[in-house]
Amino acid sequence: MNECCHEHKTKSVEASDKPGLYTCPMHPDVQQDHPGDCPKCGMALENLNPIVAKSKTHYTCPMHPEILQDEPGDCPKCGMALEPVVTEDAEDNHELTDMTRRFWTSLIFALPVFISAMGADFWPDFFSKMIAPASRQWFEFFLATPVVLWGAWPFFVKAWASFVSRHLNMFSLISLGVGVAWSYSVVAILFPAWFPDTVRNEMGVIPVYFEAAAVITVLVLLGQVLELRARSQTNAAIKMLLGLAPKTARLINEDGAEEDIPLEQVEVGNQLRVKPGEKIPVDGKMISGSSSVDESMVTGEPLPVTKHAGDKLIGATVNGTGSLVMQAEHVGSETLLAQIVHMVAEAQRSRAPIQKIVDVVASYFVPAVVLVAVITLIVWGLMGPEPRLAHAVINAVAVLIIACPCALGLATPMSIMVGTGRGALLGVLIKNAEALEVMEKIDTLVVDKTGTLTEGKPTLMSVIAMNGFTEETVLRLGASLEANSEHPLAAAIVRGAKDKNISLITTTEFDSITGKGISGIVDGKPVAIGNLTLLKDMNINAKELFEQAELLRRDAQTVMFVVIDNKAAGILTVADPVKGSTLEAITALHKDNVQIVMLTGDSKTTAEAVASKLNIDQVIADVLPQQKVDAIKRLQAEGRKVAMAGDGINDAPALAQAHVGIAMGTGTDVAMESAGVTLVKGDLRGIARARLLSRATMRNIRQNLFFAFFYNALGIPVAAGVLYPVFGLLLSPMIAATAMSLSSVSVITNALRLRNVKL
């Protein structure tokens, strides 16, 4: 049985003395001691230390970690909503709730406006008989105004911050388009005499664009809701990790009396009692007692580790069948669990969402559009036909309206929605756009062994008989004896016997021999199962089995010798079998030029035995969670694009640190929350599918971003009147709004094509 005895060193958490220090994920140079928005990108600031700050929720910007404050808001750099840095007392996501409320309310108001405007455009005679054109425009005004002044208010706030900080972004352009379309329309219905007769339509009214302002707002709100919903999930892993630690510890006082105290009151040096089945409260060392401890959350090793006095214990791991006394050595933010929380939070904050591409483009696009609109206003005001001012305003408005890429709010979310839906049908769950963006670029896949390459639970593998005993007898008597043990290996043997329809026999005089094995009387015969030490103590000669046993160990199997009637009767082996689909998956990934690295807390011998069967390129064994993160960082420092696949709590920091984390759906919830991709069935062949889906979806997103700008950018010169001197052609704001809407239609239609992509 593999035994994992190890030390772990804790390191002080960065900014641990400054729980109120806030920064922006995208601009670490921006730091302040209160919540707020990043002055560079407008995104919400993040708290640098979510472990220490447990009494209050702090906020940061996912794109600019240097923006950090203690209250909700928007990032002053990019305009994105600040997100809470999760603590045990974290509040609900106020921004998501607010945006959702604004979206649904605005949608209810905008739909009638859209129907009214489209109906008047396509069936003018029918609609004019139902309601007078002027009355219809007032109807649209009363419905669209709440959408613009309330629904779009956050966008105006973000836009104002972007102008003040001189970091123009998507919200700058959207707010300009919405504001100008609505303001122009209000002036048109309040002061129609200001406009030349040539502007009036066949109904005798000035065309208004309330539907453009309302629909733009609703579309962008939809994009914000989808984005915030994805971002709200990023801290779920931290919440779950914080919940792993027990709430109390059993303190042994100096007089020997025991009492339960809150975990926060445990101090270094305290002696604590841990009963069977309980979680170990903090990191420390065993003083007395003997037990096996399930450390799979830390090491990934599925088999429990036998612990004796002097051995190290890790907080939140589970004590087995024995009672033990321990001394606390690391408490609070110094425990290994706290370090895992810190690493997950740090890795999550270090990543930039794909929306940054849009903001970079908008930072150049917005001032260019505004400049063109101003030039249009000046040129038409000075050189245009009479009435010059009216033509100047109308053409400038047309430039701003057609330049407003309302499809930007849908370009990424629509592709993500359709692409992730397609992946879900194939058992590949993708959390966000970032995971899709990076997946196509991956050249190195790091995999955990237990539960990822293997089934994740001990299974009876071999039954070998000798000295006249049959395999059925060895298994029947051995399983009957093991049925009295609570060890996971015993459960595997019993389960194996039942799978072979072997009935068990009642055992008497059962005895557990610590560190050696078990014994008892089965069917009137003395039976013992254990390791070499047990055989030596019983003076049993089993040399003929030793060579076989060594070969089985090299095959990653745990060997147990069976003694019946004081004779070596045979061997029972237990192992964690490799999943049937693993070799096929690794072969497919190798063909796709992906290098495979096994990263496991299991022993090197076991890891290399598994790796040799699967043609794995590199093995890194005997590692702890923080060492897994270091290994990922080393690979990234070599310039590799790294994906990490794992299933346990111990994998969570590495999953978060990797460019993209891939969790097995058969594993822990913490691993799935830390990962960007989850394979529902735990089948590694899903990774190859995820790469194909990534390529298709990212190609679709790039096409959508092109559509979001193409119609608008193409129409800007026409709207500005460049073709007027030669062709006498002007682009009215109504046509500009139609072209702007076409970009959204193109984005939606293109995104829906992903439903038919072949994977």
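Predicted model: local features only at pLDDT ≥ 70, side-chain atom pairs only at ≥ 80, totals over all residues.

Colleague: Which residues in α1 and α4 meet?

Modeller: From α1, the residues are E95, M99 and R102. From α4, they are W153, P154, F155 and K158. By class, the contact has four nonpolar and three charged residues, with no polar ones.

Colleague: Let us turn to the core. How many residues does the largest nonpolar core have, and which of them have the most contacts inside it?

Modeller: That core has 56 residues. Those with the most contacts inside it are F155, V178, W182, Y184, F210, V369 and I716. Helices that each supply at least two of its residues include α1, α3 (133-151), α10 (355-383) and α24 (685-720). The largest share, eleven residues, comes from α5.

Colleague: And W182, what is it in contact with, leaving aside its neighbours within four places in sequence?

Modeller: W182 is in contact with F141, T145, V148, L149, F210 and A213. There is also a second, separate core of 47 residues, which includes I442, M664, A690 and A751.

Colleague: Now the strands. Why is β7 described as largely enclosed?

Modeller: Strand β7 (residues 248-252) has five residues, and four of them are buried, so the rest of the structure largely encloses this strand.

Colleague: Which strands is β7 joined to by bridges?

Modeller: Strand β8 (residues 258-262) is joined to β7 by five bridges, and the two run antiparallel. In that pair, T248 stands opposite P262. Two bridges join β7 to strand β9 (residues 271-274), again in an antiparallel arrangement, with L251 opposite L272.

Colleague: What is in the turn between β7 and β8?

Modeller: The two strands form a hairpin with five residues between them. G256 in that turn has a positive phi of about 90 degrees.

Colleague: In what order do the six strands of the open sheet lie?

Modeller: The order is β18-β23-β22-β21-β20-β19, with antiparallel pairing. β18 (459-465) and β19 (507-513) are at the edges with a single partner strand each, so one side of each has no neighbour in the sheet. From one strand to the next, the twist averages 20 degrees.

Colleague: How many bridges join β21 to β22?

Modeller: Four bridges join strand β21 (residues 525-530) to strand β22 (residues 558-564). I529 stands opposite V562 there.

Colleague: Which helices pack on the sheet?

Modeller: Helix α16 (residues 488-499) touches β18, β22 and β23 (567-575), and its direction makes about 75 degrees with that of β18. Helix α18 (residues 543-554) also packs on the sheet, touching β18, β22 and β23. The direction of α18 makes about 150 degrees with that of β22.

Colleague: One last topic, backbone torsions. Which residues other than glycine have a positive phi?

Modeller: One of them is N593, with phi near 65 degrees, in the loop between α19 (582-591) and β24 (595-599). Another is D622, with phi near 55 degrees, in the loop between β25 (618-620) and α21 (625-637).

Colleague: Is N593 buried or exposed?

Modeller: N593 counts as exposed, because its relative accessibility is 65% and the cut-off for exposed is over 50%.

Definitions and conventions. Residues numbered from 1 in each chain as written. Heavy atoms only, no water. Contact = heavy atoms within 4.5 Å. Nonpolar A, V, L, I, M, F, W, Y, C, P; charged D, E, K, R; others polar. Core = buried A, V, L, I, M, F, W, Y, C linked by side-chain atoms within 4.5 Å. Buried < 20%, exposed > 50% of the residue type's maximum accessible area, 1.4 Å probe, protein only. Pairing = 2+ DSSP bridges. Axes fitted to C-alpha atoms, helices over the stretch in contact; angles between N-to-C directions.
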